[in-house]
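This report describes how the residues of a predicted model pack together. The sequence and structure come first, and the notes follow.

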Amino acid sequence: MDTMIDDEILVTQFKAGSQKAFDTLMKRYERRIFGYLLRSVRNYEDAEELTLEVFFKAYRALASWQPKAKFSTWLYTIASNLSIDYHRSKARKPEFIFEDEEIIEKRLVATDISSNPEKHLEDKEKGRIIREAVDELSSKQKSVFMLTRYEGLQIKEVAETLGMAEGTVKIHLHRAMKKLQTILQPLWENNEI
Amino acid sequence: MPKCKKFEAQAIDYAYGELDSALVPNFENHLTMCNSCTSKVKDFERVLHLVDAAEGDFIPHPIAPHNLEMRLYRKLAEVPVENPSLLSRFTDYFSRFMFILQQQKVASVCLFIAAVISIAFFVGNPLQNKSEYVANGLDTADAHIEQYRRQDIQRSMEDSLRNKHLRNSDSWDTVSQLNRVKERAQGTDLANIANKHLKNVNSDF
C-alpha cells in the first residue's frame with residue numbers, strides 16, 4: 001500500500017530518520033530511472049551503474065533537498081545530468097552491443113521465438129536500425145523525446161527536469177521529430193524497416 | 001504538392017498528441033483541405049509508430065537493476081560522509097528559510113495585509129493618489145469659503161436687524177444694510193430672506 005503514500009511524505013519520513021522510506025522511494029522509481037538510462041546509454045552494465053549513482057546522489061542530497069519540484073522530476077534531473085556526463089566521458093556515440101540486448105532478454109520473460117526465428121532476427125535488426133536513428137539525436141533532443149514519450153512527463157515537467165523553458169523543450173521535440181523523419185523516411189521507402 | 005510551413009509545428013504536435021486542444025478543431029479542419037499537412041501528419045505518426053515498436057522491443061516491460069538496494073548501501077558504507085562547510089551550512093539554512101516563506105504563502109499574505117492595514121490606519125492611505133488628494137483639498141476649501149460667506153451674510157443680516165431694534169426709529173441704516181446684504185446674497189436662498197426682512201422693515205416704518 002506504499003504507493004498510496006506521497007513522495008513528499010516519504011521524503012519527510014526519511015529526513016526524520018526512516019531508512020524504510022528511502023527504500024520505498026527507490027523501489028518506486030528504480031525501474032523508471034533504469035529504463036530511462038538504459039534507453040539513453042544503450043548499455044545494460046552502464047545503465048545499472050548510473051542508476052546506482054542516481055540513488056546514491058539522491059540519498060546523499062535528500063536531507064537538504066527542498067521540494068521545489070516533484071521528487072520524480074528531481075530524480076530524472078540527476079539521471080539526465082549523469083547521462084550527459086556519461087556521453088561526454090565516452091566522447092562518442094553510444095554503441096549497440098548485442099550482448100546487452102541479450103542480457104536484457106534473459107532477464108525478461110522469455111520471448112517465444114521458436115515459431116519463426118528468422119522473422120525474429122529480422123525484426124531485431126530493424127529495431128536496431130531505428131534505435132540507431134534515435135541515437136543520432138542530440139543529447140537534449142533525445143532526453144526531451146525519451147522523457148515525454150516513454151517516461152510520461154509533461155512538457156512542463158521536462159522543462160523543470162532539464163532546466164530549460166517550455167518553449168525550448170518544444171523546439172527540441174520538433175527538431176527531434178523532423179530529424180527522425182529525415183533519417184527514417186528513406187529507409188521505409190526502400191523497405192529497409 | 002504545395003509546401004505548408006505554417007502548420008508544420010502543429011502537424012508534429014498533433015501526431016505527438018501535444019497539440020493544444022483549442023487548436024485541434026482548426027487544425028483538423030485544415031487537414032481536410034491540405035494534402036501536404038495530412039501527409040506530414042501520417043509521416044510523423046509512422047515515425048512514432050516505428051520508434052515506439054523499436055523501443056518497446058528494447059525494453060518490453062520495466063525491469064529493475066540487479067540488487068540495487070544492497071549495492072547502494074554497500075556504496076554508502078564505503079564512501080565517508082563529508083562534513084558540510086560553513087558556506088554550505090549557511091546556504092542550506094537560507095534555502096530552508098526561503099522555502100518556509102514560499103510554503104507559508106497564506107501566512108505571508110495575511111502578514112502583508114495586516115501591515116498594509118496598519119500603515120493605512122496609523123500613517124494614512126499609502127495607495128491614495130496625490131493629485132486626487134489635492135483635488136479633494138480644493139473642493140473642501142471651496143466648501144469652506146462658501147460656508148464662511150454664508151455665515152458672513154447671515155451675521156451682517158443679524159447685525160442690521162439688531163441695529164434696527166437698538167436704534168428703533170432710524171430705518172435708513174437698516175434698510176441700506178439689508179440692501180447690501182441682499183446684493184451679496186444674490187444667487188443664494190439668503191437673498192430671499194434678506195428681501196423678506198426688507199419688506200418687514202419697510203412695513204414697520
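## Nonpolar cores

The largest nonpolar core has 60 residues, and those with the most contacts inside it are A:Ile33, A:Leu37, A:Val54, A:Leu75, A:Ala79, A:Met177 and B:Ala11. Helix α2 of chain A (residues 19-41) gives the largest share of this core, 11 residues. A second, separate core has six residues, among them B:Met157, B:Leu178, B:Ala185 and B:Ala194. A nonpolar core here is a set of buried Ala, Val, Leu, Ile, Met, Phe, Trp, Tyr and Cys residues joined through C-beta atoms within 7 Å. A residue is buried if 20 or more other C-beta atoms lie within 10 Å of its own, exposed if 12 or fewer, and partly exposed in between, with C-beta atoms placed from the backbone.

Leaving aside neighbours within four places in sequence, A:Ala79 is in contact (C-beta atoms, placed from the backbone, within 7 Å) with A:Ile33, A:Tyr36, A:Leu37 and A:Val54. In soluble globular proteins, nonpolar side chains tend to be buried together.

The model is predicted: local features need pLDDT of at least 70, side-chain atom pairs count only at pLDDT 80 or more, and totals for chains, interfaces and linings use all residues. Residues are numbered from 1 along each chain as its sequence is written, and chains are lettered from A and ligands numbered from 1 in the order in which they are written.

## Helix α6 of chain A

Helix α6(A), residues 117-135, has 19 residues and reaches 27 Å from its first C-alpha to its last, close to the 27 Å expected at 1.5 Å a residue. The expected span is 1.5 Å times one less than the number of residues. Helices (H or I, at least four residues) and strands (E, at least two) are DSSP runs, numbered from the N terminus.

Buried in α6(A) are A:Gly127, A:Ile130, A:Arg131, A:Ala133 and A:Val134. They lie on the same side of α6(A) because they cover an arc of only 145 degrees around the axis, taken from the directions from the helix axis to the C-beta atoms. The face turned away from that buried side carries the exposed residues A:Pro117, A:Glu118, A:Leu121, A:Glu122 and A:Glu125. The cover over the buried residues includes α7 (139-149) and α9 (166-189) of chain A, together with α3 (35-58) of chain B.

## Chain B and its helix α3

Chain B has nine helices and zero strands. Of its 205 residues, 16% count as buried.

The buried residues of α3(B) include B:Cys37, B:Phe44, B:Leu50 and B:Phe58. They pack against α2, α6 and α9 of chain A, together with α1 (8-16) and α2 (24-33) of chain B.

Definitions and conventions. Contact = placed C-beta atoms within 7 Å.
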